[in-house]
Amino acid sequence: MSMAPEDAQAPGLRDRLLPAARRASANAHSPYSGLKVGAALLTGDGSVISGCNVESASFGLTQCAERNALGTAIAEGVAPGSVTALLVYLPGDRPLPPCGACRQVMLELLAPGAQVLSVCDGDGFHRWDVEDLLPGAFTGLPRDD
Ligand code: THU
């Protein structure tokens, strides 16, 4: 999905995805961190699928909002590589940069050139082409052929 430079905050994507990400954020289960993260993604056919973070008392089992949204998309039959945008939302005035694990999975499941937006309730935001999230990423075992 290409975007004009003056469209730096991607208002079209933001308008489309933020309501779903906010709804998911309200459902976050995060008694340990208190962070209520919501994510929403756009599929190739224009559907919106959301996810929130789900924490565990065994902290390492915590699931991030972005990967939960992507897992739901795959379960719904969305083809890997066909997600054109993903927005992550954190209530408050600071946007949340996606963690390294989510960057890896986004790189594998989003479409080439997909937009990743991180927004909050204030003016601050981040926006990346998915390829820029994880330079030199692992993409599978090296092969000779
Ligand atoms: N979290 C996400 O949902 N996405 C990220 O990309 C970073 C972190 C959640 C996991 C945990 O519930 C809380 O934020 C603090 O790490």
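One of its oxygen atoms is 2.9 Å from a polar backbone atom of Cys-99. Keep in mind throughout that this is a predicted model.

**Stop 1: around the ligand**

Now select Glu-66, where a polar side-chain atom lies 2.7 Å from an oxygen atom of the ligand. How much of the ligand's accessible area does the protein cover? On its own the ligand has 370 Å², and the protein covers 82% of that.

Next, show the surroundings. The residues around the ligand include Ser-33, Leu-35, Val-37, Glu-55 and Thr-62. Also among them are Cys-64, Ala-65, Leu-96 and Pro-98.

**Stop 2: the sheet**

Switch to a cartoon view and find the strands. There are 5 in an open sheet, with mixed pairing. Step across in the order S2-S1-S3-S4-S5. Which strands stand at the edges? Select 48–52 for S2 and 125–129 for S5. Each has a single partner strand, so one side of each is left without a neighbour in the sheet. Direction ignored, neighbouring strands are turned by 15 degrees against each other on average.

**Stop 3: two pairings of S4**

Select residues 83–89 and 110–119, which are S3 and S4. These two strands pair in the parallel sense, over 6 bridges.

Now turn to S5. S4 and S5 pair in the antiparallel sense, over 5 bridges. Pick Val-116 and look for its bridge partner in S5, Trp-128. Then follow the chain from S4 to S5: a hairpin of 5 residues joins them.

**Stop 4: helices across the sheet**

Select residues 65–75 for helix H2. This helix lies across S1 (38–43), S2, S3 and S4. Against S2, helix H2 runs at about 135 degrees.

Move on to residues 100–109, helix H3. Helix H3 lies across S3, S4 and S5, and its angle to S4 is about 140 degrees.

**Stop 5: the salt bridge**

How many salt bridges does the structure hold? It holds 1. Show the side chains of Arg-22 and Asp-121, which meet in a salt bridge at 2.8 Å, N to O. Arg-22 belongs to helix H1 (residues 11–26), while Asp-121 sits in the loop between S4 and S5. The pair therefore ties together parts that are 99 residues apart in sequence.

Technical notes. Residues are numbered from 1 along each chain as its sequence is written. This is a predicted model: local features need pLDDT of at least 70, side-chain atom pairs count only at pLDDT 80 or more; totals for chains, interfaces and linings use all residues. Side-chain values use heavy atoms; hydrogens and water are left out. Two strands pair if DSSP finds at least two bridges between them. Helices (H or I, at least four residues) and strands (E, at least two) are DSSP runs, numbered from the N terminus. Axes are lines fitted to C-alpha atoms, for helices over the stretch in contact, and angles run from 0 to 180 degrees between N-to-C directions. Contact means heavy atoms within 4.5 Å. A residue is near a molecule or strand if one of its heavy atoms lies within 4 Å of it. A polar contact is a pair of N or O atoms within 3.5 Å; within protein, one must be able to donate a hydrogen and the other to accept it, and residues adjacent in sequence count only if both atoms are side-chain atoms. Accessible areas come from the Shrake-Rupley method with a 1.4 Å probe; for residues, only the protein chains shown count as cover. A salt bridge is a side-chain nitrogen of Lys or Arg within 4 Å of a carboxyl oxygen of Asp or Glu.
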